Amino acid sequence: MDETIANIDFDTRFKNAWLAWTTTDEPILQQIKTSNDPYFDFWHFHARKFQTLVTEAIDKAVDPSLVIIEAPMGAGKTEISLVAAQQLAFRQGEMGLYYGLPTQATSNAMFERIKDWLDQQSKKKRSEKFN
């Protein structure tokens with residue numbers, strides 16, 4: 001945090017990140033079942049109407065690839081974006097998640113929420129594997 005951009009050794013930083021990154025080539029994210037309320041399963045609240053509509057629309061889409069969500073603050077965009085990401089990743093056979101935010105201030109506030117969701121997905125996957 002105290003370094004300037006001029007002091008960063010990007011080659012070493014890249015090599016360290018690449019060597020530390022491991023993957024199992026096994027998807028963590030599971031299929032979302034719209035017969036259940038995924039919002040209640042993940043966050044213990046029932047989906048709002050627009051969340052249900054978007055989740056069902058993605059489920060019915062023939063070849064979904066991009067979802068843009070606009071709603072007022074506090075409407076549940078974060079949760080719907082994570083459910084949508086899980087739906088799209090499962091449908092497309094992908095394993096990654098990139099969550100881009102416009103500023104560092106919003107990124108800091110969102111990090112724990114997204115990390116908690118990913119941790120929960122990983123725990124579900126492990127419990128399914130060993131049950």
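1. The model is a predicted one, in which local features need pLDDT of at least 70 and side-chain atom pairs count only at pLDDT 80 or more, while totals for chains, interfaces and linings use all residues. Residues are numbered from 1 along each chain as its sequence is written, and side-chain values use heavy atoms, with hydrogens and water left out.

2. The protein chain has five helices and zero strands, where helices are DSSP runs of H or I with at least four residues and strands are E runs of at least two, numbered from the N terminus. Of its 131 residues, 21% count as buried, that is, under 20% relative accessible area with a 1.4 Å probe, protein chains only.

3. Among contacts with a separation of 6 or more, 67% join residues 24 or more positions apart, a contact being heavy atoms within 4.5 Å.

4. Helix α4, residues 77-92, reaches 22 Å from its first C-alpha to its last, close to the 22 Å expected at 1.5 Å a residue. The buried residues of α4 include Ile80, Leu82, Val83 and Leu88, and the helix is followed by glycine 93, whose phi is positive, near 70 degrees.

5. Serine 81, found in α4, is buried with a relative accessible area of 18%. Not counting residues up to four places away in sequence, serine 81 touches Ile69 and Tyr99.

Methods:
Buried < 20%, exposed > 50% of the residue type's maximum accessible area, 1.4 Å probe, protein only. Expected span 1.5 Å × (residues − 1).
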